[in-house]
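Reader: I would like to go through this model term by term. Please set each value against its definition.

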Amino acid sequence: MNGKTGVLFGRLMRHILRSPDTIITVAITPIAIMLMFVYVFGGAITASLPSGVNYVNYQLPGILLMAINSGISYTAFRMFGDRQSGIFSRFHSMPIRRSSALWAHVFVSLVSNMLTVAIIFLVALPMGFRSSAGILEWLSVAGILALFTLALTWVAVIPGLVAKSAEGASVFSYPLIFLPMFSSAFAPTETMPAAVRWFAENQPITSIVETLRSLLNAEPAGNEIWIALAWCAGIALVAYFFAMRAYGRA
Amino acid sequence: MTAVDVRGLRKSFKGVSVLCGVDFAVSRGEIFALLGSNGAGKTTAVNILSTLLRPDGGSARVCGFDVSDRPDEVRKSISLTGQFAAVDDILTGRENLILIAKLRDVAAAKQTAAELLERFGLTDAADRRAGTYSGGMKRRLDIAMSLVDDPPVVFLDEPTTGLDPEGRLEVWKTVKELAGGGTTILLTTQYLEEAEQLADKIAILHEGRIIASGTLDELKKLFPPAKVEYVEKQPTLEEIFLAIIGKNIETEGN
Ligand SMILES: Nc1ncnc2c1ncn2[C@@H]1O[C@H](COP(=O)(O)OP(=O)(O)OP(=O)(O)O)[C@@H](O)[C@H]1O
Ligand SMILES: [Mg+2]
C-alpha cells in the first residue's frame with residue numbers, strides 16, 4: 001500500500017467505524033442461519049453424518065463464506081457512493097496515482113470482511129466450536145478466507161463501478177449468499193438429487209468448505225486445497241481483469 | 001502567458017456531438033467565464049480540462065501541458081470543484097480538508113485545514129459531519145477543499161447553482177479574492193449576471209461551439225444595432241446572449 005492509498009484507506013475505515021452496523025449487519029444474517037442450522041436442522045443432519053462429527057464445526061466454514069458473500073455487497077455499495085457523490089472524480093483530478101482510490105476500497109473490503117469472520121468465530125465458540133488446528137493450519141485458514149474475500153471483492157468492484165443505482169450495485173450478491181446452501185457446507189451431498197449433487201460437488205464453495213473443514217480439524221486437506229486455491233485465484237484474476245477494464249472507462 | 005489553451009476541442013457521447021470544435025484561451029491570473037445553458041457542454045469541457053474525460057479531437061493544454069499526453073502534470077497544476085459538491089458526508093469539515101491536504105502532500109495539514117476553515121467561516125462547524133451542513137456550507141467546504149495547496153489554476157463548475165443570494169455573494173467574494181492573489185479561474189455558469197459580475201473574459205458556449213467571446217465590453221458591441229433605440233439602457237448580458245443566439249439561428253436559417 002503506498003502512502004496515498006493508505007490515506008484513502010484510513011478515510012474508508014473511518015466510515016466503517018462510524019457506522020459499525022455495517023459489520024454487524026453483515027454478521028447477523030449468517031449468525032441467524034448458523035443458529036438455525038445448529039439448533040433446528042443440526043440434530044437431524046448429524047444423524048446422517050459419521051458418528052463423532054461436531055456439527056458446529058461442520059457447518060461453520062459455510063457460514064463464514066456466506067458472510068463474505070454478503071459482506072462484499074457493501075464494498076460495491078461504498079464504491080457506488082463514492083462515484084455518485086463526486087468524491088471519486090475529485091480524487092481522480094488530483095495528483096495521486098489514479099488506482100489508489102480503487103485499491104483503498106479493496107483493502108477496506110478485506111479488513112472489514114475479516115472482522116466479520118472474526119465475530120462469527122467468536123459467536124461459534126459458546127455454541128460448541130472447537131478446533132485442533134495448529135498455527136500453520138490457522139494461518140492457512142486465514143489465507144484462504146482472505147484470498148476468497150479478495151476474489152469476491154474484485155467481483156464486487158465491477159457493479160460498484162458500472163451500476164446506475166445503489167440497489168443495482170448490491171443485488172448481485174443475493175444469489176451468492178445462497179450459494180453455500182447448494183454445496184456440502186451444511187449437509188453431505190450424497191442424498192441430493194443427481195443434478196443438484198453434480199452442481200454442489202463441482203462448485204467452488206464445496207472445495208473451499210472441505211478445505212477449511214479439514215484445516216480446522218487438523219486433518220490432511222488432500223487435493224481439495226489445490227482445487228480451492230485454483231478457484232479463488234481464477235475468480236480473482238478474471239474479475240480483476242474486468243474490474244480494471246471498467247475502471248479505465250469510469 | 002496562457003494558463004488554459006483549448007483548440008478545436010471535440011467530444012461526443014455515443015455518436016452525439018457535445019463539443020464540436022471549441023476554442024478559447026485563458027490568461028494567467030484571469031477570471032474566465034464559460035457561459036451556456038443546460039446541456040451546452042460546460043461540464044464536459046471542464047472534465048476534459050481536469051483529465052477526467054479524454055477528448056475525441058483537438059487539443060487542450062493547462063499551464064503548457066497537454067491533458068492527454070501529460071495528465072499528471074496537469075493534475076499538479078489544477079483543482080476541480082465539480083458541479084455538485086464533492087465532500088465526504090461522513091467526515092467532519094476539518095477531516096475533509098485534512099484528507100485533501102494529506103493527499104496533496106501538504107506538510108502542515110492540520111494548520112492548512114484550520115486556516116481554510118477560518119477563511120470560509122466554517123470554524124464553528126469544523127468538527128461536525130459535513131453531512132449535516134447546509135447547501136451553502138457544503139459548497140464553501142467544497143471550494144475550500146479545492147484551494148488546499150494553492151493550485152495555480154482552479155476550475156469551478158457552476159459554483160453558485162443552488163445557493164441563496166447571500167451564499168452566491170460569498171462565493172463571488174471568494175472568487176475575486178482568489179483572482180486577486182494571482183490564481184487563474186475558469187468558471188462555468190448559467191447565470192449571465194454572474195459572468196457579468198466576475199469575469200474578465202466571457203465565452204458563450206452554444207450547440208457545441210463558442211459563439212462569442214471577449215470582455216464584457218467587446219460582447220456588448222455585438223449587441224445588434226436594431227436595438228440602438230434603447231441606447232440609454234445598458235444591455236444586460238442576458239439580452240446579448242439571447243440576441244446572439246437569435247442571430248445565430250437566423251444565419252443558420254438563411
Ligand atoms: N457520460 C455521458 N454520456 C452520455 N451523454 C452525456 C454524458 N455526459 C454528458 N452527456 C450529454 O452531453 C451534453 C452536455 O452535457 P454537459 O453536462 O457537459 O452540459 P452542461 O453544459 O454542463 O449542462 P448543465 O448546465 O445542465 O450542467 C448533454 O446533452 C448530456 O446529456
Ligand atoms: Mg454541467
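**Terms and values**

Author: Start with B:Thr81, which is in contact with B:Arg139, B:Asp142, B:Ile143, B:Ser146, B:Phe155, B:Leu156 and B:Asp157, neighbours within four places in sequence left aside. Contact means heavy atoms within 4.5 Å. The model is predicted: local features need pLDDT of at least 70, side-chain atom pairs count only at pLDDT 80 or more, and totals for chains, interfaces and linings use all residues. Residues are numbered from 1 along each chain as its sequence is written, chains are lettered from A and ligands numbered from 1 in the order in which they are written, and side-chain values use heavy atoms, with hydrogens and water left out.

Reader: Why is B:Thr81 called buried?

Author: Buried means under 20% relative accessible area, exposed over 50%, and partly exposed in between (1.4 Å probe, protein chains only). B:Thr81 has a relative accessible area of 0%, so it is buried. B:Thr81 lies in strand E6 (residues 78-81) of chain B. Strands (E, at least two residues) and helices (H or I, at least four) are DSSP runs, numbered from the N terminus.

Reader: What makes the pair of B:Thr81 and B:Ser146 side chains a polar contact?

Author: A polar contact is a pair of N or O atoms within 3.5 Å; within protein, one must be able to donate a hydrogen and the other to accept it, and residues adjacent in sequence count only if both atoms are side-chain atoms. The two side chains make such a contact at 2.6 Å.

Reader: Why is A:Phe107 called partly exposed?

Author: Its relative accessibility is 24%, so A:Phe107 counts as partly exposed. A:Phe107 sits in helix H5 (residues 100-127) of chain A. Beyond residues up to four places away in sequence, A:Phe107 touches A:Met1, A:Thr5 and A:Phe9. The C-alpha atoms of A:Phe107 and A:Met13 are separated by 9.6 Å, and the two residues are 94 residues apart along the chain.

Reader: B:Cys63 and B:Asp150 are in loops. Why is each called buried or exposed?

Author: B:Cys63 has 17% relative accessibility, so B:Cys63 counts as buried. B:Asp150 has a relative accessible area of 61%, so B:Asp150 is exposed. B:Cys63 lies between strand E4 (57-62) and strand E5 (65-66) of chain B. B:Asp150 lies between helix H5 (135-147) and strand E7 (153-157) of chain B. Neither is a glycine, yet phi is positive: about 50° for B:Cys63 and near 45° for B:Asp150.

Reader: Which residues come nearest to ligand 1?

Author: B:Asn38, B:Gly39, B:Lys42, B:Thr43 and B:Thr44 come nearest, of the 14 residues around ligand 1. A residue is near a molecule if one of its heavy atoms lies within 4 Å of it. Helix H1 (residues 42-49) of chain B gives the most to this shell, with 3 residues.
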